[in-house]
Every structure is written in structure tokens, then in C-alpha cells.
Amino acid sequence: MAVADNFIVAIELGSSKVTALAGQKQPDGAIQILAYAQEPSDSFIRKGRIQNVNKMTQCISNIKEKLEKSVYLLSYVVSAIMALCILVAEPLIHLLYGNQWDDAIPYFQILCLGGIPLCLQDVNINVIKAKGKSKALFICNVLKVLFYIAVMLLGAFIAGIYGFIWMMV
């Protein structure tokens, strides 16, 4: 099992299948599964021993590709849901909260727009964590936070709450 910060990848070699999962450890100790993949192992594991290393290597490569595809697919699905929320914001807010929340609709749409690149960014951050580049990630995050604070304050000063929300995005 490889752990970098709270990102976890685990591979189990069994006599009938090889199973892998990628996940993230939550503050309460639970693990949120981000991706899961399986491949049959009966062609290279017999009686608890690896009989064919080449087939095992190919199997693990296939699992790695499946995990990557599922994580990327999840990111694009969430991005599509965010885009859909932008389009149906008005009826959704009316359905959930009523007409008195009409003023919140543009804020909701702006924040959903900001969520689209955030979903795609999370995949790249997890790759950096898995490679053990936590120092570079920390420095980038500190610089990003300082930049965002300056930009949000500037936006709030120039255009009020709309400027603040747009600068968050």
C-alpha cells in the first residue's frame, strides 16, 4: 500500500483475481474510494505462486490504466453535473428553497462555474501526491492561497459581493 498524505493506492494479488483501489483517507478515519478495478489472475498465479511474471506485469498495467480512466471519468462526470447545475439553477433553487431565494441563483451559477476546473485539478493534485512531491505541492498551494486572497479582496473592493464571487472562480 502506498500512502502520500491521505491518498491511498492498494493492490491485492489473489489466486483468482487481482484487485486494486485508489482512495482518500477522511479525517474521521474512513476511506473514500475514488476508483476500483479487477483483473483475472488465474493465468499467472497458481497455488499461491506467481508462475508468469510477464502476464502479472501486464495485468498490473491493465489495472493501472483502469484506475486512471475511472478517476478521469469521474472528474468529467462531476464537471458535466456542474455544467448542468448552471443551466437548471433557477428551477432547482425554486424547487428546493422557493421564490424567496431568487437572489442566490447567480451566485450558485458562478460557484458551479468555478467548480468545473476544480474537479479536473483534483486529479492532477492526487498524481502529485502519489509521486511524493508534497513539498512542491505545499509551496504551490501557499502561493495559490496568497494570490486568491489578494484577488478576492481586490474584487470585493471594486465590485462588492459579485466581484468577490467572480474572483473566487
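# Briefing: contacts, burial and a surface patch

Ser 79 lies in helix α1. Helices (H or I, at least four residues) and strands (E, at least two) are DSSP runs, numbered from the N terminus. This is a predicted model, where local features need pLDDT of at least 70, side-chain atom pairs count only at pLDDT 80 or more, and totals for chains, interfaces and linings use all residues. Residues are numbered from 1 along each chain as its sequence is written, and side-chain values use heavy atoms, with hydrogens and water left out.

- Is Ser 79 buried or exposed? Ser 79 is buried, with a relative accessible area of 8%.
- Buried means under 20% relative accessible area, exposed means over 50%, and partly exposed is in between (1.4 Å probe, protein chains only).
- Ser 79 is in contact with Ile 116, Cys 119 and Leu 120, leaving aside its neighbours within four places in sequence. Contact means heavy atoms within 4.5 Å.

**The salt bridge**

- The structure holds one salt bridge. This term means a side-chain nitrogen of Lys or Arg within 4 Å of a carboxyl oxygen of Asp or Glu.
- Which side chains meet in the salt bridge? They belong to Lys 66 and Glu 39, at 2.6 Å from N to O.
- The pair links distant parts of the chain. Lys 66 is in helix α1 (residues 53–87), Glu 39 is in strand β4, and the two are 27 residues apart.
- Lys 66 is partly exposed, at a relative accessible area of 36%. Glu 39 counts as buried, at 16% relative accessibility.

**Cysteines**

- How many disulfides does a search of the whole structure find? The search finds zero.
- A disulfide is a pair of cysteine sulfur atoms within 2.5 Å.
- Cys 85 is buried, with a relative accessible area of 18%.

- Ser 41 sits in the loop between β4 (31–40) and β5 (45–46).
- Its relative accessibility is 0%, so Ser 41 counts as buried.
- The side chain of Ser 41 reaches the backbone nitrogen of Lys 17 at 2.9 Å.
- Which residues is Ser 41 in contact with, leaving aside its neighbours within four places in sequence? They are Gly 14, Ser 15, Ser 16, Lys 17 and Val 18.

**Glu 12 in strand β2**

- Glu 12 is found in strand β2 (residues 7–13).
- Glu 12 is exposed, with a relative accessible area of 51%.
- Leaving aside its neighbours within four places in sequence, Glu 12 is in contact with Lys 17, Val 18 and Thr 19.
- Glu 12 and Gln 38 are 26 residues apart in sequence. In space they are 9.5 Å apart, C-alpha to C-alpha.

**The nonpolar patch**

- Which residues form a nonpolar patch on the surface? They are Leu 111, Leu 113, Ile 161, Tyr 162, Trp 166, Met 167, Met 168 and Val 169.
- Together these residues have about 690 Å² of accessible area. Accessible areas come from the Shrake-Rupley method with a 1.4 Å probe, and for residues only the protein chains shown count as cover.
- Patches are made of residues with over 30% relative accessible area and no salt bridge; like charges are joined within 9 Å, and nonpolar side chains (Val, Leu, Ile, Met, Phe, Trp, Tyr) within 5 Å.
- α3 (105–130) and α4 (134–168) each supply at least two residues of the patch. α4 gives the most, with five residues.
- Val 169 lies in the segment after α4. Val 169 is partly exposed, with a relative accessible area of 33%.

**Exposed residues and distances**

- Phe 157 lies in helix α4 and is exposed, with a relative accessible area of 72%. Phe 157 and Cys 119 are 38 residues apart in sequence and 28 Å apart in space, C-alpha to C-alpha.
- Leu 87 lies in helix α1 and counts as exposed, at 71% relative accessibility. From Leu 87 to Ser 43 there are 44 residues in sequence and 49 Å in space, C-alpha to C-alpha.
- Lys 47 has its place in the loop between β5 and β6 (49–50). Lys 47 counts as exposed, at 86% relative accessibility.
- Lys 47 and Leu 146 are 99 residues apart in sequence and 57 Å apart in space, C-alpha to C-alpha.

Conventions. A polar contact is a pair of N or O atoms within 3.5 Å; within protein, one must be able to donate a hydrogen and the other to accept it, and residues adjacent in sequence count only if both atoms are side-chain atoms.
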